[in-house]
Amino acid sequence: MACDRPGPSPYRRCHGSNPVLPFVVRRRGPNADWGVDTCIKATPAWRKKRMKVGQAVAEIMKREGIEILCGYPVNHLLEFAAAADIRPVIVRQERIGIHMADAISRVTSGRKIGAFCMQHGPGTENAYGGVAQAFSESIPMLLIPQGYPRRLAHIDPNYSAVREMRGISKRAEPVFMPHEVANVMRRAFSAIRNGRSGPAIVEIPTDIWNEEIGDIDYTPVGAPKFGPDPAEVRKAAAAILAAKRPVIYAGTGVQWAEAWPQLREFAELLGAPVTTSLGGKSAFPENHPLSLGSGGNAVPKPVHHFITNADLIIGIGCSFTETNFGIKFPKGKKIIHSTLDPNHLNKDVVSEIGLVGDAGLTLNALIGELRQTLKSNRDASAVVAEITGIREEWMAQWRPLLNSNEAPLSPYRVIWELMNTVDPKNTIITHDAGSPRDQISPFWVSTEPMSYIGWGKTTQLGMGLGLAMGAKLAKPDKLCINLWGDAAIGFTGMDFETAVRERIPILSILLNNFSMAIELKVMPISTEKYRSTDISGDYAAMARAFGGYGERVTQPEDIKAAIQRGIEQTQAGKPALLEFITAKETRVSKF
């Protein structure tokens, strides 16, 4: 149908005899008069082929294997994701949702990527702490904050996640042109999957979601691995063979590389003891004769003893970042540093030899080089005997607390009973910041890879709840536990309701001493005059009010049975919170 109505624009809606039908108006040809247009009817089928920005983002996420989107409204992606069969999980505050996404990535070693979206303005502002935590831990994560409309996006005081979070993300990019969605998302996922990871931010303005684009051309990004320089591997092997007391220090890079078999083979070949960072805890079985345990702010005595007396420290998949929540390495130690990120070399410790690359490929290369000289595993009996002796001496000092019959309860007794009640092969546990972290990390024996989510550096109170929920979403067949204190639950306790509402049956172990116990020694005057470190609450009742299972335990003989009841509740599909009334315990295993 042609339309000869004159007008200044070559693109007009046809004013034909039936104005109800949709038409696209095009110029007749490149040399046509501006007043003569050709009108082509746009059929409903033609319109259905065109995808909206929000649909494209959800489709790309689905192709990249994302099955769960944690978030808080209003962010239009939640609706587009639900339409694409990606489950939206709505939290009570942004930080918890980011922690859930964090755990989804962690417990799958990045095979599944955690994703979170939030509202523009206050939502992105409130999310900052969670993003900072993920960045400090190098967690692969997709964050899709909604942005202000494009006409307002860069006018003060409007908050731009891309601008303000660039320093705490691996990549941050807005979508301003609809047809660039696939390219922006591809760059984000490539940043997430390659090299040392971190949060990737794609900010989508609120006025762009429903703009139409053509069919997307998108293929999921790959994750090629790279290994260390062979010349450096030979140097490292020579240094290892010459060492008399080498110690292996494993970090989170082993977890991301899923290099657990290689780490074990490497340790057994050398007959060398192994310790881990908090993030690396469970990368090496802690019931293995060569295990020293993991080190953070609190450390087992074998870790302190062997690190102090080592003549070579072999760091595998670690950053050696100096932190209050990591092992303190003595000055002057000879160090071999294997890391995925060359920026970590010589950052906090001086590295004699640097091995840049994937932890699994690095271990394979080292094992191959060493086996040219070592035809069989070294005899480790003397090292094992030394580890056993030091551990027994240390445990003898702590058994009175681990087996304490006092009331209020010893938190160490609660942890000991918990560890000896659960099935370690079917359990994922995480600590919280402060005392729970320092009380559990030296004594909890992790035997399976990714069965312990350890974290530190930024150490935000209340993070453990979100981690446990995210772990349960990613590994629904596992018993997922968070251990926290009464200070931590004050930050994020409302999100226990999220666990109930979203049917995420975790086991939450609360150590309640009605105090900020760590702060007692640094706040004596304010405690004495104003009781500033006192906090309180009936948190078992809170759990019941939310529709979960809640139980308060005050006597040591009731601990084990209460834990068993809590596990049974999770098996029945109900989140459980067990509140243990504990003493103001401030002793930790430090040297």
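This is a predicted model: local features need pLDDT of at least 70, side-chain atom pairs count only at pLDDT 80 or more; totals for chains, interfaces and linings use all residues.
The crossing of H2 and H8 is right-handed.

Which residues of H2 and H8 meet? From H2 they are Val 53, Ala 56, Val 57, Ile 60 and Met 61, and from H8 they are Val 181, Ala 182, Met 185 and Phe 189. Nine residues in this contact of H2 with H8 are nonpolar, with no polar and no charged ones.

I turn now to the sheet. Six strands form an open sheet with parallel pairing, in the order S14-S13-S12-S15-S16-S17. At its edges stand S14, residues 291-294, and S17, residues 353-356; each has a single partner strand, so one side of each is left without a neighbour in the sheet. On average, neighbouring strands of this sheet are turned by 15° against each other, direction ignored.

Consider the edge strand S17. Strand S16, residues 335-339, pairs with S17 in the parallel sense over four bridges. Within this pair, Ile 336 has Ile 353 in S17 as its bridge partner.

Helices also pack here. Helix H13, residues 359-370, packs on the sheet and touches S15, S16 and S17. The direction of H13 makes about 135° with that of S15. Helix H11, residues 260-270, lies across S12 (246-250), S13 (274-276) and S15 (312-316). Relative to S12, helix H11 runs at about 170°.

Note on methods. Residues are numbered from 1 along each chain as its sequence is written. Side-chain values use heavy atoms; hydrogens and water are left out. A crossing is left-handed if the near helix is turned anticlockwise from the far one by less than a right angle, and right-handed if clockwise. Helices (H or I, at least four residues) and strands (E, at least two) are DSSP runs, numbered from the N terminus. Contact means heavy atoms within 4.5 Å. Ala, Val, Leu, Ile, Met, Phe, Trp, Tyr, Cys and Pro count as nonpolar, Asp, Glu, Lys and Arg as charged, and the others, Gly among them, as polar. Two strands pair if DSSP finds at least two bridges between them. Axes are lines fitted to C-alpha atoms, for helices over the stretch in contact, and angles run from 0 to 180 degrees between N-to-C directions.
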